[in-house]
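Here is a short report for a reader who is new to this model. Please look over the sequence and the structure before reading on.

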Amino acid sequence: MELRFSREEEAFREQARAWLEANVPRGPKPAPHDLPGRRAYDMAWQRTMFDAGWAGINWPREYGGRGASLMEQLVWYEEYARVGAPEVSTGFVGLKHAGPTLIACGNEQQKAEHLPRILRGDVVWCQGFSEPNAGSDLAALQTRAVIDGDELVVTGQKIWTSFGHIAELQELLVRTDPEAPKHKGITWVICPMGVPGMEVRPIKTLAGNADFCEVFYDGVRIPLTNVVGRLNDGWRVAMATLSFERGTAFMSEQVRLARRLDEVIALARRARGPAGKGRAIDDDEIARRLALAKAEVDAMRAMTYRTLSGTARTGMPGPEGSMIRLFFSELVQRIDQLTMEILGPAALEGFDLDGVPEAGWSERYLTGLSQTIGGGTKEIQRNIVGERVLGLPR
Ligand SMILES: Cc1cc2nc3c(=O)[nH]c(=O)nc-3n(C[C@H](O)[C@H](O)[C@H](O)COP(=O)(O)OP(=O)(O)OC[C@H]3O[C@@H](n4cnc5c(N)ncnc54)[C@H](O)[C@@H]3O)c2cc1C
């Protein structure tokens with residue numbers, strides 16, 4: 001592993017930083033509950049990056065990307081997070097795992113049709129993997145697709161489909177051979193949203209927003225040309241999707257988390273300590289937990305670099321991505337918990353220390369609870385680390 005960035009990568013960093021500092025939107029952001037507003041905001045920013053040649057840093061040039069290396073992609077994400085550029089949000093599925101899956105497993109026509117549209121901010125993608133009885137045990141999925149002429153006809157139900165109600169396209173897993181062993185009869189297909197036979201019902205979360213949906217399919221027709229990989233080969237393609245979702249999608253999180261922790265430290269300098277004594281930062285226990293969190297964010301950066309250096313060699317993230325995903329999700333929750341303790345009762349009422357409506361701390365805390373579930377629960381990530389990274393017996 002090369003521990004330093006090369007001269008070219010550092011030059012790229014300078015260029016990226018200069019462009020981002022000049023172009024990152026500084027105006028008001030849409031409210032978390034305003035999904036159409038968030039979509040419009042995210043797609044407009046994506047378009048700005050695309051027009052300036054900064055979309056899809058390591059995606060192939062022929063599909064609208066910049067054709068740079070994975071390490072340059074990492075440098076871009078670091079600078080991106082450092083200047084506080086908008087979170088990927090509604091573009092997450094398309095940019096972080098549907099697009100990379102198409103690059104790895106799609107055919108030429110699928111890449112040419114979909115990759116530029118993702119990079120230009122023309123489309124929102126969602127993911128139709130989980131079902132009411134198939135979450136951790138994803139291969140138990142029951143949504144059925146039968147071939148009729150040159151189409152698949154889909155019947156069944158998906159759940160927890162983030163952004164399903166504002167998406168145009170979905171990475172959908174369906175069972176195409178119910179007789180085959182459960183991992184063998186699955187197909188990964190690009191499903192258009194809002195088509196006849198489909199019903200999308202939003203689900204409200206405890207944070208008050210409705211990013212999730214249930215999606216019902218009753219004879220939804222999808223052209224067979226939308227199958228990615230081969231028919232009944234969807235488990236292999238889904239594993240590629242999950243490796244991107246758990247691996248490279250988390251490249252920028254160490255910088256974002258470092259920024260967030262600095263904000264919490266600033267908060268601890270202003271907040272009163274436990275039982276109203278002194279400042280929170282002067283309390284030994286709070287100071288110890290903040291220092292530990294800072295060391296853990298540094299450890300996460302080291303783990304990210306190590307994993308990416310392996311991915312750069314092989315082209316595909318390995319199961320080690322689950323270590324970062326797990327470490328990140330638990331660390332976020334520890335930092336959020338500490339933040340709520342520093343803020344004290346004001347946090348529960350949605351106020352900051354000075355009695356002004358607070359800057360999203362409690363919303364982050366509530367949303368953060370889902371971090372150890374989405375993309376595979378912490379128990380499943382531990383199983384993967386145990387079995388596939390450490391080689392422990394099943
Ligand atoms: C924020 C968020 C966004 C999401 N977005 C999407 C999306 O866009 N598309 C999509 O398809 N899905 C999405 N999901 C769903 C997510 O993938 C599932 O919730 C997750 O895989 C867990 O499945 P489940 O909810 O059915 O829980 P279950 O699988 O029923 O698990 C219940 C409990 O049992 C434990 N458990 C299960 N099996 C084992 C085992 N073998 N060993 C040890 N413990 C086990 C689990 O860890 C968990 O604690 C999202 C979830 C969240 C929280």
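This is a predicted model: local features need pLDDT of at least 70, side-chain atom pairs count only at pLDDT 80 or more; totals for chains, interfaces and linings use all residues.

Residues are numbered from 1 along each chain as its sequence is written, and side-chain values use heavy atoms, with hydrogens and water left out.

**A helix pair**

Helices (H or I, at least four residues) and strands (E, at least two) are DSSP runs, numbered from the N terminus. Two packed helices are described by the angle between their axes and the distance between the axes. Helix α2 spans residues 35–51, and helix α5 spans residues 108–120. Their axes come within 7 Å and cross at roughly 105°. Axes are lines fitted to C-alpha atoms, for helices over the stretch in contact, and angles run from 0 to 180 degrees between N-to-C directions. α2 and α5 are therefore roughly perpendicular to each other. Here, angles of 65 to 115 degrees count as roughly perpendicular, under 35 as roughly parallel, over 145 as roughly antiparallel and the rest as oblique.

From α2, the residues M43, Q46, R47 and F50 meet I118, L119 and R120 of α5. By class, this contact of α2 with α5 has four nonpolar, one polar and two charged residues. Ala, Val, Leu, Ile, Met, Phe, Trp, Tyr, Cys and Pro count as nonpolar, Asp, Glu, Lys and Arg as charged, and the others, Gly among them, as polar. Contact means heavy atoms within 4.5 Å.

**Buried residues**

Buried means under 20% relative accessible area, exposed over 50%, and partly exposed in between (1.4 Å probe, protein chains only).

| Residue | Helix | Relative accessible area |
|---|---|---|
| M43 | α2 | 9% |
| Q110 | α5 | 3% |
| L242 | α6 (residues 234–246) | 10% |

The contacts below leave aside neighbours within four places in sequence. M43 touches T90, G91, R120, G121, V123 and V124. L242 is in contact with Q127, F129, L138 and G247. L242 and A98 are 144 residues apart in sequence, yet 9.8 Å apart in space, C-alpha to C-alpha.

**A pocket**

How much space lies in the second largest pocket? About 600 Å³. Its lining has 36 residues, and N58, W59, Q73, Y77 and L95 lie nearest its centre. Two or more lining residues come from each of α2, α3 (70–82), α4 (92–105) and α8 (284–314). The lining divides into 24 nonpolar, nine polar and three charged residues. A pocket is an open set of points on a 1 Å grid over the protein atoms alone, where a 1.4 Å probe fits, with protein on both sides within 12 Å along at least five of seven lines; lining residues have an atom within 4 Å of a point. The volume is the space filled by probe spheres set on the points.

**Two positive phi angles**

Most residues other than glycine have a negative phi. W160 has a positive phi, near 60°. W160 sits in the loop between β3 (151–158) and β4 (169–175), and is partly exposed at 45%. N232 has a positive phi near 65°. N232 is in the loop between β8 (227–228) and α6, and is partly exposed at 29%.
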